[in-house]
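Have the structure open and follow along as we go.

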Amino acid sequence: MSAHKVTVEYDDKTVRYFFLAAVIWGAVALAAGVLIALQMAWWPANLGLPWTTFGRLRPLHTNAAIFAFVGNMMFTGIYYSMQRLLKTRTASDFLSKVHFWGWQLIIVCAAITLPLGLTRGKEYAELIWPINIMVAVIWIVFGANMFWTIARRREKSLYVAIWFYIATVITVAMLYVVNHLSLPTSLLHSYPIFSGVQDALVQWWYGHNAVAFFLTTPILGIMYYYMPKACGRPVYSYRLSIIHFWALIFVYIWAGPHHLLNTALPAWVQGLGMIFSLVLWAPSWGGMLNGLLTLRGAWDKLRTDPVLKFFAAGVTFYGMATFEGPLLSIRSVNAIGHYTDWIIGHVHGGTLGWNGLMAAGMFYWLAPRLWGKPLRSVNAANIHFWLSFVGILLYVGSMWASGIGQALSLNELTPDGNAAANSFIETVKAIKPMLFTRFLGGALYLVGFILMIWNLWATIRAGAPTTTTIEVVDEDKPQTPSRFPAFLNAPVLYTVGVLFFCIVWILASVSNSSLGGVFVIIGLIGTGALTLGAIAHFEVAGKTWAEWYDKLLEHSLAFSLLSLLAVVIGGAVQIIPVVAQSDPKSLGPYLEGRLQKVYTPLELAGREIYVREGCYTCHSQMIRTLVPEVLRYGAKSDQGYSRLGESIYDHPFQWGSKRTGPDLAREGTVAGRGNDWHAQHLFDPRLLEPESIMPAYPWLFKQNFDKSVLYARINALRLLGVPFAQMSPAEIETRYDTQAKEIAESIKKDYPLITPDKDIIALIAYLQQLGHYEKTEDVKKSREEETRHLDLP
């Protein structure tokens, strides 16, 4: 076989396109974030328009930050580094163009639909089903182009950055498809196929791991490529990078349930989420240390090189965020932090600190190489760094203070064990200074970003697009990878065995079977024995294990399949049992004695409006199993904490993740809140509470709800298992009008011109229904009675 030199010209045009898109969309995402931060501190910033309220703009901000800013930044870093690590041009220029323009089209569609209230009502998963199909198709295009490029590589072994890119493509596809499975009812509307606790678990399996595999793993890959390049030093520890990668992708996928601690989620799933979140500490910090120690011998450069400043600070914020995340997954700490501003601070510490600073460092490093001119102003880049750094500290610090203050105030008990008289509005007044500080921090960060845009633009204008070409040794025919048993070898077999016995142990420990104790012992013994055996074998034959891994890195398919196996296991073990057990038809004990009442047509319409207006971004519908919450939200109606069965028919679930306003799980049972109270509160909250920061919703009193959509939506919910009665369109309209007229009549005194078809009527009906349920004992008796009647001759 002869070898000859070939010239490879890299596709840097696609890199430049994604680079510019990331910078532009980053500014949009940050500007939207600063605006909604101002809305929290000063309610008139909602502007009195349906399209500019916090509930509509918050999903726009989060989707712009994740998919538009970090997404385009991630693609920039991957397309540039992948070609150089594989020593080949991207496989298809056509697929690269489809990827770029398709991704920008998705972002534009999201920017149009979200302010219009077209949403699925799930955090980080709000996009409507046609856009979700576009996302899936474009992600497949990206993945196909990447794996095709890997197959054509001229570098025998896969470098660590490529490992993280492979895990990102595989896992994001799995997460996105499963969480976005929906049943369409029209071109712009659908229902998730999961409901209640199922939907909550699947959503936070996706939501937590979207952070892991969209905002973390690809950026870690970027860290492993760009940081050594910027400082001129090799990665600190290759062995540590192996442990970091495999431990991270396996453990991360189990941690989602820590977002649902102390809720109606089964206790065994909560326990798994907490345990694996704590374990996640180790691989996360292993990666952080590997990144920071790569700078050994180059720390002096941080004084003069803004690129290294951004990278070092970004990795440090990654370490802080991955310390805080496991801390917040401890049940007692979560009881304080969840539903408060602390979580907002935690999320932004990661996004602004880790993603934002790593992005800025990469932009500053890439611009001179893509346009052939030195950075216009190093001083401006340094100023940008300090503006960003101070902005993050103000933002995160204010949210820590605000969140802990909220928790202490709302969870306070009197000496005799009753809930303190602190009202929710008192906590809002107390945290207003922190809300303004958060706005100031975000504004400083935005100013720094705008300064970066000027600096990059000046650099680009002074230069011209460049193209990198290299000469590499090529062979007349592709090198055939050496054949070896990719799966039937000691490391894989030990891993599979340990996982098998761990799963047996976990499932047996939550089983009600009489043999559960036996299988717990089997699982423990098997796990311990195989773990000790693996350690002993490694000590004796560690070189063989290393050779196996080196060979694995030559086989991208085997590597990808093992990565897929690592991320599938956790989700399957958690989701499948919960979905299988939580069937309301069986009226099993998991419902905890309560079954949600099926909505009337009017109440269903009100729920659609609730989701459209983004009320779930500020209100929860989940009273946790905590004494202060039960006393505050559940004691007045004598209903206690929220049970699993109370939301079992909700597509999507509305448990929420943040309480800017109080919990609404029992709203329909609160004394003194009649239809007229809700009408006034929604027309202008300041009529009832002058210090309220909630936006007014006067358009609800003008807009008519389109009743014609209810027939298709009710039929879709029936297909998904919600026991709606069979109704014709005329019957649906009759039931809707009958209930709507009663509510409209009850508020005629204050709103004499109101008509039954207005949105406000439907929303009031929904709010008044919250907290009402049936006892499963009564439902069982009713069904038995119906069965006896059917059996009569």
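**Salt bridges and a domain interface**

Lysine 432 and glutamate 691 form a salt bridge, with 3.9 Å between their closest N and O atoms. Bear in mind as you look at this pair that the model is a predicted one. The two partners come from distant parts of the chain, 259 residues apart: lysine 432 belongs to helix α15 (residues 424-462), while glutamate 691 sits in the loop between α21 (675-683) and α22 (710-719). Lysine 432 counts as partly exposed at 21% relative accessibility, and glutamate 691 is also partly exposed, at 33%.

Now turn to arginine 56 and glutamate 613, whose side chains meet in a salt bridge at 2.9 Å, N to O. Here 557 residues separate the partners, with arginine 56 in helix α2 (residues 54-86) and glutamate 613 in the loop between α19 (601-612) and α20 (627-634). Are they buried or exposed? Arginine 56 has a relative accessibility of 4%, so it counts as buried; glutamate 613 is buried too, at 1%. This pair is part of a network of salt bridges that links Arg56, Arg612, Glu613 and Asp759.

A further example joins glutamate 155 to lysine 87, the closest N and O atoms lying 3.4 Å apart. In the whole structure, the search finds 22 salt bridges.

Let's step back to the domains. The assignment divides the protein chain into domain 1 (3-475), domain 2 (484-584) and domain 3 (589-791). The C-alpha centres of domains 1 and 2 are 30 Å apart, and 31 residues of domain 1 are in contact with 28 residues of domain 2. Together they bury about 2800 Å², with carbon and sulfur atoms giving 76% of that area. On the domain 1 side, Trp246, Trp254 and Trp268 lose the most area to domain 2, together 24% of what that side buries.

What polar links cross this interface? One salt bridge is found there, along with four residue pairs in polar contact. The side of domain 1 that touches domain 2 comprises 25 nonpolar, four polar and two charged residues.

Terms used:
Residues are numbered from 1 along each chain as its sequence is written. This is a predicted model: local features need pLDDT of at least 70, side-chain atom pairs count only at pLDDT 80 or more; totals for chains, interfaces and linings use all residues. Side-chain values use heavy atoms; hydrogens and water are left out. Domain bounds come from an automatic or database domain assignment. Contact means heavy atoms within 4.5 Å. Buried area is the accessible area (1.4 Å probe) that two parts lose on being put together, summed over both. A salt bridge is a side-chain nitrogen of Lys or Arg within 4 Å of a carboxyl oxygen of Asp or Glu. A polar contact is a pair of N or O atoms within 3.5 Å; within protein, one must be able to donate a hydrogen and the other to accept it, and residues adjacent in sequence count only if both atoms are side-chain atoms. Ala, Val, Leu, Ile, Met, Phe, Trp, Tyr, Cys and Pro count as nonpolar, Asp, Glu, Lys and Arg as charged, and the others, Gly among them, as polar. Helices (H or I, at least four residues) and strands (E, at least two) are DSSP runs, numbered from the N terminus. Buried means under 20% relative accessible area, exposed over 50%, partly exposed in between (1.4 Å probe, protein chains only).
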